[in-house]
Amino acid sequence: MRLIDTCSDAFVPGLTRRLLLAVLATLAPAVAASPAGAAGHSTHPPVKARPNVGIVNIYTTLGYQDGLAAGTGMIISRSGEVLTNNHVINGATKFKVVDVTTHRRYNATVAGYSVSRDIAVLQLANASGLRTVKRGGAIPLRVGMRIVARGNAQGRGGPPKTARGRIIALHQQIVAKDETGDPETLNNMIATNAPVVPGYSGGPLENSQNRVLGIVTAGSTNPSFHRGFAIPLPQALQIARRIESGRPNAIVHIGPTAFLGVILKDVSGGAKIVSTVPGKPADEAGLVNGDVITSLNGTTISSVKDVRTTVLQLVPGKTVTIAWTDTNGVDQTGTITPISGPPQ
């Protein structure tokens with residue numbers, strides 16, 4: 001079953017590229033047969049739309065990709081911390097965030113993010129006294145529970161759209177991949193039959209009391225076979241708290257992101273340069289289209305993922321070693337000085 005990211009939507013002039021998350025679900029066979037995934041009677045009241053307190057629409061400029069993207073977020077502190085998916089902010093060079101309740105617009109910076117957990121926290125500029133989302137706390141999740149997902153559907157703005165359904169499975173594992181990245185496994189996901197669409201990413205998955213249970217992350221491309229996936233809120237908040245602590249680790253990146261200025265693809269023996277950004281580090285280091293990066297800062301490079309993982313450990317402005325095989329098949333070595341760039 002092919003699935004796509006349900007949360008971010010991107011518009012790139014002249015291109016058909018979309019910031020969508022492709023995932024392969026590993027739903028247990030029992031899920032497909034579960035009565036929770038089909039229409040039927042329930043003793044629980046339907047989920048009704050409530051005021052969208054604490055929800056924001058996120059719009060990003062992808063400066064190095066000549067594009068725009070949109071997603072959703074949740075205010076988790078009165079001082080303006082916003083929880084969203086990492087793939088919503090990936091590649092962003094500028095942010096505009098709109099509180100859908102007050103209609104106030106904010107600039108934002110990236111407080112930190114986790115690529116492997118698909119979680120990010122933004123800090124709104126000049127924000128105070130904001131109303132936050134209602135957290136689900138210790139509310140137990142169960143198959144059959146009615147839920148509603150809310151989000152910036154198709155990036156069209158305005159009040160969040162709603163997608164209603166039920167939880168059809170818990171503790172699911174999905175393998176996610178965007179159009180330019182490598183697969184990332186997300187564990188312990190909530191599976192629903194809510195018909196979420198692009199733009200919902202980062203938005204809340206709520207219960208009938210408007211309490212947030214999770215953060216919407218992925219969904220099905222098949223309109224007749226609805227599947228939505230959400231990261232449980234406690235799991236997302238655990239990453240958010242690590243970001244708030246200001247202490248990076250192997251999972252969480254905090255601070256400026258190093259940037260080499262290249263677009264890469266996997267080839268045998270390394271990461272091949274598809275294009276370089278003029279005047280940026282790779283270009284200034286003498287690398288050209290067709291070169292294959294084989295080592296960076298002493299780390300052997302076998303794939304694009306290796307480059308991304310290594311770059312997250314680099315400090316902008318600090319020169320490191322780089323090795324590559326040029327277009328003539330000759331091994332080369334040199335140095336490169338990354339600059340501060342967009343989040344991965």
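Helices (H or I, at least four residues) and strands (E, at least two) are DSSP runs here, numbered from the N terminus. By that count the protein has 5 helices and 25 strands. What you're looking at is a predicted model, in which local features need pLDDT of at least 70 and side-chain atom pairs count only at pLDDT 80 or more, while totals for chains, interfaces and linings use all residues. Residues are numbered from 1 along each chain as its sequence is written, and side-chain values use heavy atoms, with hydrogens and water left out.

Let's start with the whole chain. Of its 344 residues, 50% are buried, where buried means under 20% relative accessible area, exposed means over 50%, and partly exposed is in between (1.4 Å probe, protein chains only). The protein exposes about 15200 Å², and 53% of that comes from carbon and sulfur atoms; the areas are from the Shrake-Rupley method with a 1.4 Å probe. Now take contacts, meaning heavy atoms within 4.5 Å. Among those with a separation of 6 or more, 65% join residues 24 or more positions apart.

Next, helix 5, which spans residues 304–311 and has Val-304, Val-307, Thr-310 and Val-311 as its buried residues. These sit on the same side of helix 5, because they cover an arc of only 130° around the axis. The arc is taken from the directions from the helix axis to the C-beta atoms. As a reminder, an α-helix has 3.6 residues a turn, so residues three or four places apart point the same way. And what lies over that side? The cover includes strand 18 (257–259), strand 19 (262–267), strand 20 (270–276), strand 21 (292–296) and strand 22 (299–300).

Strand 20 is worth a stop, since Ala-271 is found there and is buried, with a relative accessible area of 0%. Setting aside neighbours within four places in sequence, Ala-271 touches Leu-264, Lys-265, Asp-291, Val-292, Ile-293, Ile-301, Ser-303, Val-304 and Val-307.

The loops hold a few asparagines to look at. Asn-297, in the loop between strand 21 and strand 22, has a positive phi of about 55° although it is not a glycine. Asn-210 has one too, at about 65°, and its place is the loop between strand 14 (204–206) and strand 15 (212–220). Most residues other than glycine have a negative phi. As for accessibility, Asn-297 is partly exposed at 39%, whereas Asn-210 is buried at 8%. Asn-249 lies in the loop between helix 3 (233–245) and strand 17 (253–254) and is partly exposed, at 33% relative accessibility. Its C-alpha atom is 9.7 Å from that of Ser-114, 135 residues away along the chain.

Ser-114 takes us to strand 9 (108–114), which, like strand 7 (94–99) and strand 25 (339–341), supplies at least two residues of the lining of the second largest pocket. Strand 9 gives the largest share, 4 residues. The volume of this pocket is about 190 Å³, and of its 15 lining residues, Phe-95, Thr-109, Val-110, Gly-341 and Pro-343 are the closest to its centre. A pocket here is an open set of points on a 1 Å grid over the protein atoms alone, where a 1.4 Å probe fits, with protein on both sides within 12 Å along at least five of seven lines; lining residues have an atom within 4 Å of a point. Grid points are joined across faces, edges and corners, and the volume is the space filled by probe spheres set on them. By class, the lining has 8 nonpolar, 6 polar and 1 charged residues, with Ala, Val, Leu, Ile, Met, Phe, Trp, Tyr, Cys and Pro as nonpolar, Asp, Glu, Lys and Arg as charged, and the others, Gly among them, as polar.
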